[in-house]
4 protein chains.
Amino acid sequence: MHLAGVLAPLPTPFDQSGELDLARLRTALPQWLQSPLSGFVLLGTNGEAGLLNDSESASVIETARSIVPTSRTLIAGTARESTREAIAAARVAASLGVDGVLVRTPCFFKGQMTPEAFERHYTAVADSSPVPVLLYNFTAATGVNLQPDVAARLASHPNIVGIKESGSDISQIADLVALTPPGFATLAGSASTFHAAVYAGVSGGILALAALLPDACVRLFDLTRNGHQADARLLQRQLLPLARLISTSYGVPGLKAALRLSGIDVGFPRLPLAPASESAVAALKQALNTFEEAFA
Amino acid sequence: MHLAGVLAPLPTPFDQSGELDLARLRTALPQWLQSPLSGFVLLGTNGEAGLLNDSESASVIETARSIVPTSRTLIAGTARESTREAIAAARVAASLGVDGVLVRTPCFFKGQMTPEAFERHYTAVADSSPVPVLLYNFTAATGVNLQPDVAARLASHPNIVGIKESGSDISQIADLVALTPPGFATLAGSASTFHAAVYAGVSGGILALAALLPDACVRLFDLTRNGHQADARLLQRQLLPLARLISTSYGVPGLKAALRLSGIDVGFPRLPLAPASESAVAALKQALNTFEEAFA
Amino acid sequence: MHLAGVLAPLPTPFDQSGELDLARLRTALPQWLQSPLSGFVLLGTNGEAGLLNDSESASVIETARSIVPTSRTLIAGTARESTREAIAAARVAASLGVDGVLVRTPCFFKGQMTPEAFERHYTAVADSSPVPVLLYNFTAATGVNLQPDVAARLASHPNIVGIKESGSDISQIADLVALTPPGFATLAGSASTFHAAVYAGVSGGILALAALLPDACVRLFDLTRNGHQADARLLQRQLLPLARLISTSYGVPGLKAALRLSGIDVGFPRLPLAPASESAVAALKQALNTFEEAFA
Amino acid sequence: MHLAGVLAPLPTPFDQSGELDLARLRTALPQWLQSPLSGFVLLGTNGEAGLLNDSESASVIETARSIVPTSRTLIAGTARESTREAIAAARVAASLGVDGVLVRTPCFFKGQMTPEAFERHYTAVADSSPVPVLLYNFTAATGVNLQPDVAARLASHPNIVGIKESGSDISQIADLVALTPPGFATLAGSASTFHAAVYAGVSGGILALAALLPDACVRLFDLTRNGHQADARLLQRQLLPLARLISTSYGVPGLKAALRLSGIDVGFPRLPLAPASESAVAALKQALNTFEEAFA
């Protein structure tokens, strides 16, 4: 599994009535495969993972694996609140051919989500998962924080190979880089601060923005790593408005609308999410145009 | 369905290896049936709902309904992030004989959980649920807030009959009481402020503490409603330490440990939760003793 | 000093150019003296205390004391970040005839505002103040929380006689009542939850709303204490919109505008505050009308 | 005024009884003057500004200006909640010879601290200040946030020349850099993320850590600007523990204790702050030793 560079979390297509739409997924995947991305993540936050049942989740993985060549890393999100369900999900995903699983912290019982609880959970999942495990910390959505020292202890498990850290606290990211061993992959999850995260030493990123603008995200990664400060800073700045629109402002519905504007049809979000409003689509269109003019 | 007075959310028993333990449930239920509680809630937060799969959830409901007489209200928690899954869960629960379903707000896509999203979700669930629906707002756990004006709009749906509000913001509770029609049940979810909530006009409460101290919780409700201010205030004060220990301090593992100390065996919590520590058990024991001496 | 019942924090009048306007204060005070309020607080949050210098503060106290008879309690806010400045301010206020001083927690050095820091500060101030000291906890504005156990320890100081708790967490208020000795006055600071606070056992309140609607606030206190549940609940409900408009929504500028609409001219707020907008004034006018119709 | 590179906020010395100790200041200043720092800030957060009265503040400025040569930038913090007091403080500071004033956002009336309020405040101060004004945003301490677009509007005022942004949100810092004109100085206030902030384009920093480790902070700035990625990242990493100890962990008392360990005697903090505990001093000593061994 190649855990460096830029990976994209892929949205899950639904049709207008909310049915899983594998046909749309089969059409969209080859479009993403033309990009220089290192790999893809199915069933993450942007894949509306929490809105699919287990059987649908399996279909998504099976379909994607049949199209994504083994030369590209394919990861599936398999987070569950229950440790045993998380193990079961990892096993299913592994049996369907993913290279690794991305396991978000459980979070519902916030007061009980101590370092010990995270260690119990991840150790049990990693002990049982047939494929390597990535930790996943997304405090803004979960309300809990997997601290760098806990991640560092978990990094000593032979089947825990990396972490996606979606926060934009650069000193927490720097701590992760410093406290974990060289082979362990720290991947940034926030496109708004990707440039600073790369500078702080991450191996790469899993960025929603990379599903929309794969070339630009990869270029940002390369420019930053190669010391082209001024160009990197400018590109980061140009990406910022779109990064915000598809995360903070409009979320997954915004990402789906922006992809449609860019020629990739991933259908509609599932209830309780609703398609992006007309004004959201207009804002996305303008931001895409502005970016394309600058980037061309 | 009788939606007034004090209801208890019931913990779900697991054995030491984490298997669902229906035998323990069958033993415990008759103990709770000896209490003056108005009814019971299965598969809520304290039922570790998020840690069971669909098939286990059905077994819990089926078992409980076979024991709880129809003279007592039996409600099942059927929250899901996805509207279609929430509908499916409500249908299953209804088919197994519950009197109503308690549907916590979806919450993972926080930025998208607008009033409109809540209205879409609850309207669709209530349209399809064969049994009445209760809203459920638990901001401390979910990070989202179902505002009283939104709840009031939903209260006009003929199949939405009440709300469990777990927050302790008394002005929000007072708003709920004032903005919803007389037949709509506003139920408090926080035992720490139950006395003030009753005074603000709620119909009753769904209180974890009521699984542990049903008589005292019912007495607190009665004293407050009947204007015995000094006695009510004293009893609320006496209940406060235990209310906190089984919520903020030790959560579900604390409730399970306290029940065991009180002679009701609901087994162990499921991973990633762990049994209450020895020091937690000692603190619970002392608080129980202190309360019993005062209450006797 | 009579520390029970309802006290009003008084706004400080400024003229349109921002000068302290003692003439307006001299005209307004007799209007408040016609009310059944137990007393008044100068230079609190609603007195824009932080916007006056020491010399202006002294003028406000001197002017008010010359008009408020000794049969009414007159308290001055004398909070300062520095302990020595807080002592100096208490001494000046005492020399000008106030019955007590209200001392908000220091808060700027948030990380250092430990229980020990609060104990150091308040003990030093109370040791040196010629008049009794009231603690003042206002977490929403300060970002720090003076916990009930710390307040209870401070309550043993012979010169610390009460606390104004502006939060609306009823269990924190109940703790204060329970942990402090009978002679110690716990005063609520939030009109939105005053009814629940009185029911939880507070001695009274220091309520911005009482500067605007003194009769209604006193009646709410009396109804609640005398067990008229239904009437008290209704009145609390009727007061809620105005309570929110002059706190959360429009703050001090809102209170000043509402007072002007009610015939008490306390001039303008001081920069950086600005007078309430036209739409704010319209909302206040409507809420006042609605209330007056219901209350008459 | 030279607003680039690294400036240090200077602690204000007090003696053991809490008296302002100008003798200690006179001794300490020449020690800092041996460093390569661009300038100094008096009466900021680390100068315990909120704990001094106006007359003491003037003495601090006067003393420092008599020792700091005009070749070094000397700035004074002159924040006040009241606009008119902030103007008065800026005038006094200017008359005593400072090159500029640093004006933290007012913050007590949080709900009213709208963009318009900030614009009113800063425009009035800048209109009247005889010396250039720097904005100062410190959300962690104030609970309010001066957004980049508001700062950008204020940057068009000819007498507003820069901003100290103490937050560590790199995308907010990047916005400031992008939205303000080239001559406007964006200065970072957080040493923990200084490296990322410089990479995002700030002109420099005002860092408490620079009072303690001026050479290392200047070297970090230079390494980052000159593209020495690996060395810069390593040095940032080495500085992180001390940066945290003197901010989050122990605050101003920690900085004063660390300076004493390093041979600069700035006396004691003022009440309600207390000197760093023995365990804090031990932690600081160890961190200083670890750093010095690595940096030497």
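Helices (H or I, at least four residues) and strands (E, at least two) are DSSP runs, numbered from the N terminus. The model shown here is predicted, so local features need pLDDT of at least 70 and side-chain atom pairs count only at pLDDT 80 or more, while totals for chains, interfaces and linings use all residues. Residues are numbered from 1 along each chain as its sequence is written, chains are lettered from A and ligands numbered from 1 in the order in which they are written, and side-chain values use heavy atoms, with hydrogens and water left out.

**Figure 1. B:Gln229 in helix α11 of chain B.**
Helix α11 of chain B covers residues 229-249, and B:Gln229 lies in it. B:Gln229 is buried, at 13% relative accessibility (buried means under 20% relative accessible area, exposed over 50%, partly exposed in between; 1.4 Å probe, protein chains only). Its side chain comes to 2.8 Å from the backbone oxygen of C:Thr224. Leaving out residues up to four places away in sequence, B:Gln229 touches B:Tyr199, C:Tyr199, C:Thr224, C:Arg225 and C:Gly227 (contact means heavy atoms within 4.5 Å).

**Figure 2. The interface of chain B and chain A.**
The size of an interface is often given as the accessible area lost when the parts come together. Chain B and chain A bury about 2900 Å² between them, with 60% of it on carbon and sulfur atoms (buried area is the accessible area, 1.4 Å probe, that two parts lose on being put together, summed over both). Chain B gives 37 residues to the contact, and chain A gives 37 residues. Between the two chains there are 16 residue pairs in polar contact, both residues at pLDDT 80 or more (a polar contact is a pair of N or O atoms within 3.5 Å; within protein, one must be able to donate a hydrogen and the other to accept it, and residues adjacent in sequence count only if both atoms are side-chain atoms). On the side of chain B that touches chain A, the elements giving two or more residues are α3 (83-95), α4 (115-128), α5 (139-142) and α12 (251-261). Sorted by class, that side of chain B has 16 nonpolar, 11 polar and 10 charged residues (Ala, Val, Leu, Ile, Met, Phe, Trp, Tyr, Cys and Pro count as nonpolar, Asp, Glu, Lys and Arg as charged, and the others, Gly among them, as polar).

**Figure 3. A salt bridge between A:Glu19 and B:Arg84.**
The interface of chain B and chain A has 2 salt bridges (a salt bridge is a side-chain nitrogen of Lys or Arg within 4 Å of a carboxyl oxygen of Asp or Glu). The side chains of A:Glu19 and B:Arg84 form a salt bridge with an N to O distance of 3.2 Å.

**Figure 4. A salt bridge between B:Asp175 and C:Arg244.**
Over all chains, the structure holds 48 salt bridges. In the one between B:Asp175 and C:Arg244, N and O are 2.7 Å apart. B:Asp175 lies in helix α7 (residues 170-179) of chain B and C:Arg244 in helix α11 (residues 229-249) of chain C, so this pair joins two chains. B:Asp175 is buried at 8% relative accessibility, whereas C:Arg244 is partly exposed at 27%.

D:Asp265 and D:Arg24 form a salt bridge, with the closest N and O atoms 2.9 Å apart. D:Asp265 is partly exposed, with a relative accessible area of 31%. D:Glu56 and D:Arg270 also form a salt bridge, at 2.8 Å from N to O. D:Glu56 is buried at 11% relative accessibility, and D:Arg270 is buried at 2%.

**Figure 5. Backbone at C:Leu43 and C:Glu48.**
C:Leu43 is not a glycine, yet its phi is positive, about 60 degrees. C:Leu43 lies in the loop between β2 (39-42) and α2 (54-67) of chain C, and is buried with a relative accessible area of 5%. C:Glu48 lies in the loop between β2 and α2 of chain C, and its phi is positive, near 50 degrees. C:Glu48 is buried, with a relative accessible area of 0%.
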